[in-house]
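Me: I am new to this structure and would like to learn how to read it feature by feature. Could you show it to me, and then take my questions in turn?

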Amino acid sequence: MAGTSHGHTPAAWTGVIIAFIGFCVAGVFMVAANPLGFWAGIVVIFAGGLVGLAMKVAGLGMPKESAELIEARERAGQAQISH
């Protein structure tokens, strides 16, 4: 995965950080026996996913692969198999 930069985008980092904060908030309020705070943390977790998705749609995620790149990758795979 390191060769493909999987997840190394502003959209991915932002979504994960927001979701992590929501997880921490939900955890603290769960231990404190406060259901309203717990559900607020759950809402923040889902907000992190929505923010990450919105940023991806805005162009801050991984770019889509072109047809030429996919074809070149398939040819390279076939060349490795035949040798």
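Me: Where in the protein is confidence lowest, and where is it highest?

Reply: The score to look at is pLDDT, the predictor's confidence in each residue, from 0 to 100, and where it is low, the predicted coordinates should not be read in detail. Here confidence is lowest in helix α3 (residues 67-82), with a mean of 78, and highest in α1, with a mean of 95. Over the protein, pLDDT averages 86, and 89% of the residues score at least 70. Because this is a predicted model, local features need a pLDDT of at least 70 and side-chain atom pairs count only at 80 or more, while totals for chains, interfaces and linings use all residues. Residues are numbered from 1 along each chain as its sequence is written, and side-chain values use heavy atoms, with hydrogens and water left out.

Me: Which residues of α2 are buried, and what do they pack against?

Reply: A residue is called buried under 20% relative accessible area, exposed over 50%, and partly exposed in between (1.4 Å probe, protein chains only). In α2 the buried residues are Gly37, Gly41, Gly48, Gly52 and Met55, and the buried residues of this helix pack against α1, where contact means heavy atoms within 4.5 Å. In the protein, 13% of the 83 residues are buried.

Me: What salt bridge does Glu71 form?

Reply: Side chains of opposite charge can pair when their charged atoms come close. A salt bridge is counted when a side-chain nitrogen of Lys or Arg lies within 4 Å of a carboxyl oxygen of Asp or Glu. A search of the whole structure finds one, in which Glu71 pairs with Arg75, the closest N and O atoms being 2.8 Å apart. Glu71 and Arg75 are four residues apart in helix α3, so they are separated by about one helical turn. Glu71 itself, at 44% relative accessibility, counts as partly exposed.

Me: Which residues make the nonpolar surface patch?

Reply: Patches are made of residues with over 30% relative accessible area and no salt bridge, like charges being joined within 9 Å and nonpolar side chains (Val, Leu, Ile, Met, Phe, Trp, Tyr) within 5 Å. Here Trp13, Ile17 and Ile21 make a nonpolar patch of about 330 Å², with accessible areas taken from the Shrake-Rupley method with a 1.4 Å probe, only the protein chains shown counting as cover for residues. Ile17 is found in helix α1 and is partly exposed, with a relative accessible area of 46%.

Me: Where is Ala33, and what is its phi?

Reply: Ala33 is in the loop between α1 (10-31) and α2 (35-60). Its phi is near 55 degrees, a positive value in a residue other than glycine, and Ala33 is exposed, with a relative accessible area of 65%.

Methods:
Helices (H or I, at least four residues) and strands (E, at least two) are DSSP runs, numbered from the N terminus.
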